[in-house]
Amino acid sequence: MQRIGVFVCHCGTNIAATVDVKAVAEALGHEPGVIVSQDYQYMCSESGQNLVKNAIKEHNLTGVVVCSCSPRMHENTFRKAAASAGLNPYLVEIANIREQCSWIHKDIASATEKAIILGKAAVAKVHLNAPLTAGESPVVKRALVIGGGIAGIQTALDIAEAGFDVDIVEKQPTIGGKMAQIDKTFPTLDCAACILTPKMVEASQNEHITIHSYSEVSDVKGFVGNFTVTIKKKARFVDETKCTGCGLCTEKCPMNKVPNEFNMGFDNRSAVYIPFAQAVPKVATIDPNYCMMLKTGKCGVCSKVCSVGAIDYKQEDKLIEQKYGAIVVATGFNPINLDKYDEFAYNQCPDVVTSLELERLMNAAGPNGGTLLRPSDKTHPHKIVFVQCVGSRCDDSKGKPYCSKICCMYTAKHAMLIREKYPDTEVYVFYIDVRTPGKNFDEFYRRAVEQYNVHYIKGMVGKVTPRSDGKIDVQASDLLANEQLHIDADMVVLAAAIEPDKTARPLATMLTTQMDTNDFFTEAHPKLRPVESATAGIFLSGACQGPKDIPETVAQASAAAAKAIGLLVKNSITCNPCVAHSDELMCNGCSSCEKVCPYGAITYIDKEFKMPDRTVAIRRVASVNPAVCQGCGACTVACPSGAMDLNGFSNSQIIAEVDAICK
Amino acid sequence: MQEAMINKAKQLLADGIVDRVIGWKRGEFVYDITPAIFETAEELEKDFVYDDFTAANVSKYLVKESKKEGKILAFLKPCDTYSFNQLIKEHRVVRENVYIVGIPGGPKLDAEKIKEKGITGILSVKNENYTLKIETVYGEETMPFYEAVLDKCASCKSKKHMIYDELLGEEGDVLDSNRFDMVEKLENMTAQERYDFWREQLSKCIRCNACRNVCPACTCEKCVFDNPDSGIENKAPADSFEENMFHIIRAFHVAGRCTDCGECSRVCPQNIPLHLLNRKFIKDINTFYGEYQAGEDTTSRAPLNEYKQSDCEANIVHERGAE
Amino acid sequence: MQVNENKEFQPLIVAFCCNWCSYAGADLAGTNRLNYPDNIKIIRVPCSCRVNPMFILRAFQRGADGVILCGCHPGDCHYTSGNYFTRRRMTLLFSMLDFLGIERDRTRVEWVSAAEGAKFAATMNEFTEAVKKLGPNRRLEDLRCRKQ
């Protein structure tokens, strides 16, 4: 038999002025199971709470209903009070008779009647409340960072700084990411390598950081605090522990006509290679697509010249399994492929390049040693046209609907650097809008226009046509002057939109995190939880969450690290007990619940059941991981048999409330 | 076809490929055909039936049968293969334990429609150039074949098998059916007219549960209507509300999963056009979320288990035309 | 609800509100003393996607004259995707109720954020008026539950 206590709060006059609290207490006292019903001036005050506590002890209550302000305000207060008096905190229900009654109604009679109904609904619900215990789940004190660009490096450094072990998984042979390819950074124009490479070295030397380069995440199991991740270390055919990075093999390799991806294919590397001078780890990698020894079994030069015997043609992919408490995704971005943009002649003319290609063309470690020359004939360009928003802010299927955010600034940077170094070069920038929010960003752009006389023209480039004399004819419209322009350019630079890395989508599936339609990871809350994914224990760092420049990326990387550290410092995490659970005997195993779960909290297991006819059947049934479930209840409605129910908001509890209100 | 099917079944039994066969046998009357299990060649010879009255969808039986030891042979008409696929998608059948032989489907006959013509005591039927020759205890009668066809066959959506191990006869095509015509007609009525229509129909419901028991999408281990804890358990339609409630909830539970096999209406002893409720959901899903045919494949997500950010708002229902 | 001769018809309306946005929006309406009719009785659910069509039918059975479901705006769901499922489910359910000839203005879905106290009050005022116009729910009630 239930023994329920009802406590009606006056909230000074906040409730008592429009609700006859005595009448409410009186009416609810007659509800079934209610054995004590009291009112008090301030139920949340210490003496009010004592009233509740004493009643629990004195009457040995099995449930408590507090008619007061919103549960969003004091539900926790009363739950704690109940717990301290020895009653399970989840046996407390609140009837909101302030915000949703006394404050919005003026007529005492009708407000009192409504308060009684709300109280009855709470009593009806508390009859069905079950004592719940929050589970605990241990936290593995190790973090995984997926992606070794500036975002991943910064996150790993911050987590390591806090004293936790971190592994970085990077699919390329070296960490560094896109930032390593960039020449100078806006708005300060300092050299990217000069600020990035010390961080790369720091990461490699930090005792808490392990770098798995040339590796991929191949499987993720588990949940917050307790992920089991399988990492595939691809065979690089060089023993990392032996290789000293001397580079002799790369010099002697006869297969030296491999397009160098680090320099965007403007020059060549050998089949055994170190991506760039400051690579971390500085270890050679053999490219199996080009190595003659691996392809035909004939050559073996690198093995012969290697003084430490690091070359191992028989090396195979290796799987490593490791447990982690937190995972940070930092998979970054790529410029989109411009094959579909025939109007810009990108595929026809070598002097039409993307902005990232221009970075390499201008870089001192680039193909021309830092002198800007046309890729076609290695001559100095005198007229350069920049085209903005190539594939960004695009309605059609060719491009992306969003703004790539970084292009306006890096184009201003390119224009400025070119004008600075080659004052005889004319620079045109065609734009839809120039977007420069950011510290010192607009000042930077204005310097490009005012100080460096870069020609900014609002308008679209319609067509780029390579001419036989080596010039490039650029047709464009000037929207402000309302005229058509023809520019005979020497080079055209396209600000290609950026998109998430292609590995992000399969990774999101493994991590059961959400992505938007553009394959950017979705944050748990767009304003208030920008670096957490909706899946507990998975954090987002850098451009995998949306286009970002370097300062923003680093800020977000540190924020993600802070969130991960906040998780790792805990020995265990308390789970929300208001989670879904499935009645195995009723479960059909249909997978509907699994499909609507945003957290991947539901898995299916084949379980043996003793059937009523004394046979044993193996049935596929849903199983909810209470550490992962957040208690939204989407599964409860997707379940056709009603096997799935939600603690704290069960079907029968809600139906009881409905009935009480409609009585 | 019946002969070829019996031969096929006997051969598969003899070769040890299957251990059991699910087919149909005749009941008291010639048009009274129910699914049955056969284990030997003799049983097949004796009782196996496949004729113009054999309309029952055996897919649902495979939920239980496929979990038993050994392999079972199932003859599936095109419409049945949709149901079977849907059951695979929902992990309700063990695919490996079923050997599927695709057989050509209807149009199948509706004994009720023959009886409506005043023809009783049916002994046998024969389709001759689309004239149905009916031998009865009172002598021979005739009626146009298409007037005796089951409603579900008259608006057949597909003659193509979605899944099979082997085919008997020729493969057909997905058809351009007129199956939403009646739904549309109802939609164009006023709310009062629709209410009156459904009140008249649903008030006939005797809660015999035949629609639920035959429905290949209703395979729950425990139905909410049988579960005292569900809050909606009920047995007899004591009030018009419960008639509505039962059919709305049932249609909602199979929304996005119903393959439109039409069995619910076929078995309803009160001739309530229950399939219209399911078709309404199918039509809405097609209109709001893009064409979707449950059972067409075994992997696609059911429309209610996915979403698009650009989905229409629920209030679109209120904005549609006048009451 | 009764229709009294000298009193106008007062509908009973059940409002399901998600804990994170709409329930907070209702609280804000209260904090700002924005009046809306006492016909509205709110039931708190964690997310709009917790609302089973059974609950809505149950309310009508027991004598509710209108049911409104409030959740976070699409894209703002605390659980990222719950309200998207709600939207599909309710679209189909409401369409079905309409198909059965049940007055479509008795049901509604509204997205109300925690900051939209004014919207919450306005929505409830509007909805109550709409249900008032329809009169008592007769097409989807259980006569056994009708009050004497």
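Which residue of β7(B) is the bridge partner of B:Leu132? The notes below get to that, along with some other things to look at while the structure is open.

1. Confidence. Keep in mind that this is a predicted model. Its overall scores are ipTM 0.95 and pTM 0.76. For chain C, the mean pLDDT is 90, with 95% of the residues at 70 or more.

2. The opening question. B:Leu132 has B:Met143 of β7(B) as its bridge partner. That pair belongs with strands β6 and β7 of chain B: β6 covers residues 131-136, runs antiparallel to β7(B) and is joined to it by six bridges.

3. The sheet around that pair. In chain B, β5, β6 and β7 make an open sheet of three strands, in the order β5-β6-β7 and with antiparallel pairing. The edges are β5 (122-128) and β7 (139-144) of chain B; each has a single partner strand, so one side of each has no neighbour in the sheet. From one strand to the next, the twist averages 20°. In general, strands of a sheet pair through backbone hydrogen bonds, parallel or antiparallel.

4. Chain B as a whole. Stepping back, chain B has 13 helices and eight strands. Its C-alpha atoms fill a box of roughly 60 × 50 × 40 Å along the principal axes. A compact globule of 323 residues would have a radius of gyration near 20 Å, and the 21 Å of chain B agrees with that. Of those 323 residues, 42% count as buried. Looking at contacts in chain B between residues at least 6 apart in sequence, 65% join residues at least 24 apart.

5. Chain C as a whole. Here there are four helices and four strands, and from the N terminus on the elements of chain C go β-α-β-α-β-α-β-α. The C-alpha trace of chain C spans about 45 × 35 × 20 Å along its principal axes. Its radius of gyration is 15 Å, which agrees with the value near 15 Å for a compact globule of 148 residues. In chain C, 72% of the 148 residues count as buried. Of the contacts in chain C with a separation of 6 or more, 81% are between residues 24 or more positions apart.

6. Where A meets C. On this interface, 36 residues of chain A are in contact with 35 residues of chain C. On the chain A side, the elements giving two or more residues are α3 (71-84), α4 (98-102), α5 (108-126), α17 (634-638) and α18 (651-662). The largest share comes from α18(A), with eight residues. By class, the side of chain A that touches chain C has 19 nonpolar, eleven polar and six charged residues.

7. Where A meets B. In this case 16 residues of chain B contact 19 residues of chain A. The chain B side of that contact consists of two nonpolar, seven polar and seven charged residues.

8. A covered helix in chain A. Have a look at α11 of chain A, residues 355-362: the helix is mostly covered, with seven of its eight residues buried. Those buried in α11(A) are A:Ser355, A:Leu356, A:Glu357, A:Leu358, A:Glu359, A:Arg360 and A:Leu361. What do the buried residues of α11(A) pack against? Their neighbours in chain A are β19 (333-335), β20 (352-354), α12 (407-421) and β27 (491-496).

Methods. Residues are numbered from 1 along each chain as its sequence is written. Chains are lettered from A and ligands numbered from 1 in the order in which they are written. This is a predicted model: local features need pLDDT of at least 70, side-chain atom pairs count only at pLDDT 80 or more; totals for chains, interfaces and linings use all residues. Two residues are in contact if their C-beta atoms, placed from the backbone, lie within 7 Å. Ala, Val, Leu, Ile, Met, Phe, Trp, Tyr, Cys and Pro count as nonpolar, Asp, Glu, Lys and Arg as charged, and the others, Gly among them, as polar. Two strands pair if DSSP finds at least two bridges between them. Axes are lines fitted to C-alpha atoms, for helices over the stretch in contact, and angles run from 0 to 180 degrees between N-to-C directions. The radius of gyration is taken over C-alpha atoms; the globule rule is 2.2 Å times the number of residues to the power 0.38. A residue is buried if 20 or more other C-beta atoms lie within 10 Å of its own, exposed if 12 or fewer, and partly exposed in between; C-beta atoms are placed from the backbone. pLDDT is the predictor's confidence in each residue, from 0 to 100.
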